[in-house]
Amino acid sequence: MYLRTFEHRHAASILAANHRLKKEVERTLANLDLDLSGHGVADPNRPHQIIQPAFLRHGWRTEWLVSQRTSRRHYFDLFKDRVAIEIELSNRELLYRDYIRFLLAESEGNLDVGIILVPDDSRLRLPASVRNGRPHLEDISDDLNSLRNTVLVPIWVIALS
């Protein structure tokens, strides 16, 4: 798996302070065998079913509660050592929910860095019919640059191909 990244508010540098954890994330993702083409996949949750167990083998927790304070329960896809991972491979609109989750957890003192995993459609060379509506590294970069005074949480974005 090829990884392309973007960091908001020095997220990768902050995560590098826990070198073991940063390398664990990179190594786990690099060793995945995922089909992110969007073609021929009967189950759209299939990438989640591959990614989450790969991290579970390294002691990550799945469906980690973001906050006790909200009436509607929000969960991170993966969580370990004050780092949360959100997997967003199909719907760009869900990125905003992720930003809010990261803000909420950080405001409660439970989060140092958020990580968002997205497909790297620029390398996959997919037709527009598949790319439309999917999150892209460039979309998140634009979002976070526009929201730099609002989203103060360090976020490391990793595009997978």
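**Salt bridges in a predicted model**

Let's start with Arg4: partly exposed, at 22% relative accessible area. Partly exposed sits between buried, under 20%, and exposed, over 50%, with a 1.4 Å probe and protein chains only.

Some ground rules. This is a predicted model, so local features need pLDDT of at least 70 and side-chain atom pairs pLDDT 80 or more, while totals for chains, interfaces and linings use all residues. Numbering runs from 1 along each chain as its sequence is written, and side-chain values use heavy atoms, without hydrogens and water.

pLDDT is the predictor's confidence per residue, from 0 to 100. The protein averages 88, and 88% of the residues score at least 70. Helices (H or I, at least four residues) and strands (E, at least two) are DSSP runs, numbered from the N terminus.

Now the pairs. A salt bridge puts a side-chain nitrogen of Lys or Arg within 4 Å of a carboxyl oxygen of Asp or Glu. The whole structure has 14. What does Arg4 pair with? Asp120, with the closest N and O atoms 2.9 Å apart. The two are 116 residues apart: Arg4 in strand β1 (residues 3-8), Asp120 in the loop between β5 (113-119) and α5 (121-124). Asp120 is buried, at 1%.

Next, Arg92. Asp139 pairs with Arg92 at 3.2 Å between the closest N and O atoms. Asp143 also bridges to Arg92, at 3.3 Å. Asp143 is in helix α7, and Arg92 in the loop between β4 and α4, 51 residues apart. Both Asp143 and Arg92 are buried.
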